[in-house]
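Let's take a friendly walk through this model, looking at a pair of helices and then at the spaces inside the fold. Keep the structure open as you read.

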Amino acid sequence: MTSSPTVLIIGCGVAGPVLAVLLQQRGYAPIVFEKVGVLGEAGASLLLQPNGMKVLGMLGVAEGLEEEFRPLAGYWHGTAQGQTLADSELASGFKERYGYSAVGIRRSELNLRLKKLLLDREIEVREGWELLTIQESGDFVTATFSNGRSATGSFLVGCDGIKAATRRVILQMNSDSIEGPPVFTGLTQTAGISPTPSTLENRGGKMCNWYGEGIHVIAYPISKTHVSWAVTLPDSNKQPETWRLSTAEELESRRSELLACLGGFEPAVLQLTRDAERIIKYGLFDREELTAEQWHSKRCVLVGDAAHPTSPHIGQGANQALEDCYHLSRLLPDLQLGLGAEERDSALRGVDLSAVFRTFAEKRQPRTSMLVRDARRQGELRVVTDGPAKCRERDGRIAAAWENTAAMMDNFDRLLQEPF
């Protein structure tokens, strides 16, 4: 018998490592499994918003991110040609209002920092372990992996994203049904990282949005010298989510393809494309909404995109996963309280984990469901393909929305005051 209950955590992206540390702090012995052989330089970036930063603050890493990177200063919205629709500095007040700023960061940079945090805390990370099956038996759950090996723990948490193997297996265990692959939304994003153009410096570290006909461009700082950007376009040919770096040939091909689409955009957007140090292209996919009951089985539970995949249009995917980590860790019993090391494993045996997971899912599903729908609506609002008149209507709605500062702050409060 181990002195602390073993927890199997599938996925070493953002949620997996964070949950592992939070559970270790409460007396558990997590092991993190990652299907990729070696985590490395891949993917685009993400915006850590105050609600997610609060959770990272519990790990002692949020303050360093604020100091090292460039907190978001505000929001600018404009036409493709650069005419201002709305200009706000609301983000500059996030730290005072919510405790933390919003900070952009390369996804791979955050992944590697979180992996290092695991290793520094002597939490085991097993890379190259791709989940195949799960079996629940009595007080234990056993996961079998593609390398022919298996692992057994007290419970299992699926943090493995929109194409989660854990989701597939848990749904099959619950209803003996097989869910199909994610559904392509008809939109692709081409994302890049570029030195900040001098023409954007006058917008002072703000998130910038340009709205054209059938195209949306977003850019925000991810360091004191660089910007992450993404171009959203309708595309009948879905792009697989490889998140890998482009070859030199692919980089130039995608650069030329983008420049052809961005004719008429203001020079700053064209400069971002020309100066891109990396460009990746991927499809935006969706899944059917799960009920709270579908988030878990007797000894397994889903977290983050495995439970509630969301499009990137409101920047809450990773942040909602971090909220999940906070709430799940707080609902599980704290095995550090009044227990010796030899008592922790036996203490968990008296806990109805299925009831804990049900409480977690019922708490989180309504909020995440609402935000998934909000993200879909934002995507539909931004990428308008019905001609100039409809584009002008969209632009008018955006300008009017940002004129109502009180309503906008209410929206930010709804998003960013959580999870505590």
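## A pair of helices

H8 and H9 cross in a left-handed sense. This is a predicted model, so please read the descriptions here with that in mind. Two packed helices are described by the angle between their axes and the distance between those axes. Here, helix H8 covers residues 248-261 and helix H9 covers residues 267-274. Their axes come within 9 Å and cross at roughly 170°. Angles over 145 degrees count as roughly antiparallel, and H8 and H9 are therefore roughly antiparallel to each other.

Which residues in H8 and H9 meet? From H8 come Arg255, Leu258 and Leu259, and they meet Leu270, Thr273 and Arg274 in H9. By class, this contact of H8 with H9 is made up of three nonpolar residues, one polar and two charged.

## The largest cavity

How many cavities of 30 Å³ or more does a search of the whole structure find? There are five. The largest cavity has a volume of about 120 Å³, and 15 residues line it. Nearest the centre of this cavity lie Glu289, Leu290, Ala307, His308 and Val372.

Helix H12, residues 353-382, gives the most to this lining, with six residues. Sorted by class, the lining of the largest cavity has six charged, five nonpolar and four polar residues.

## The second largest cavity

The second largest cavity holds about 80 Å³ of space. Residues that line this cavity include Arg70, Thr196, Leu200, Glu201, Tyr220 and Val227. Helix H7 (198-201) and strand E14 (215-221) are the elements that give two or more residues to the lining. Of the elements, E14 gives the most, with three residues.

The lining of the second largest cavity divides into six nonpolar, three charged and two polar residues.

## The second largest pocket

Helix H12 comes up again in the second largest pocket, where H12 gives the most to the lining, with five residues. About 250 Å³ of space lies in this pocket. Of its 15 lining residues, Thr185, Leu187, His313, Arg376 and Glu380 are the closest to the centre. Strand E12 (183-195), strand E16 (278-286) and H12 are the elements that give two or more residues to the lining.

What classes of residue make up the lining of the second largest pocket? Seven are nonpolar, five are polar and three are charged.

Technical notes. Residues are numbered from 1 along each chain as its sequence is written. This is a predicted model: local features need pLDDT of at least 70, side-chain atom pairs count only at pLDDT 80 or more; totals for chains, interfaces and linings use all residues. Side-chain values use heavy atoms; hydrogens and water are left out. On a 1 Å grid over the protein atoms alone, a cavity is a set of points where a 1.4 Å probe fits but cannot get out, and a pocket is an open set with protein on both sides within 12 Å along at least five of seven lines; lining residues have an atom within 4 Å of a point. Grid points are joined across faces, edges and corners, and a volume is the space filled by probe spheres set on the points. Helices (H or I, at least four residues) and strands (E, at least two) are DSSP runs, numbered from the N terminus. Ala, Val, Leu, Ile, Met, Phe, Trp, Tyr, Cys and Pro count as nonpolar, Asp, Glu, Lys and Arg as charged, and the others, Gly among them, as polar. Axes are lines fitted to C-alpha atoms, for helices over the stretch in contact, and angles run from 0 to 180 degrees between N-to-C directions. Angles under 35 degrees count as roughly parallel, over 145 as roughly antiparallel, 65 to 115 as roughly perpendicular and the rest as oblique. A crossing is left-handed if the near helix is turned anticlockwise from the far one by less than a right angle, and right-handed if clockwise. Contact means heavy atoms within 4.5 Å.
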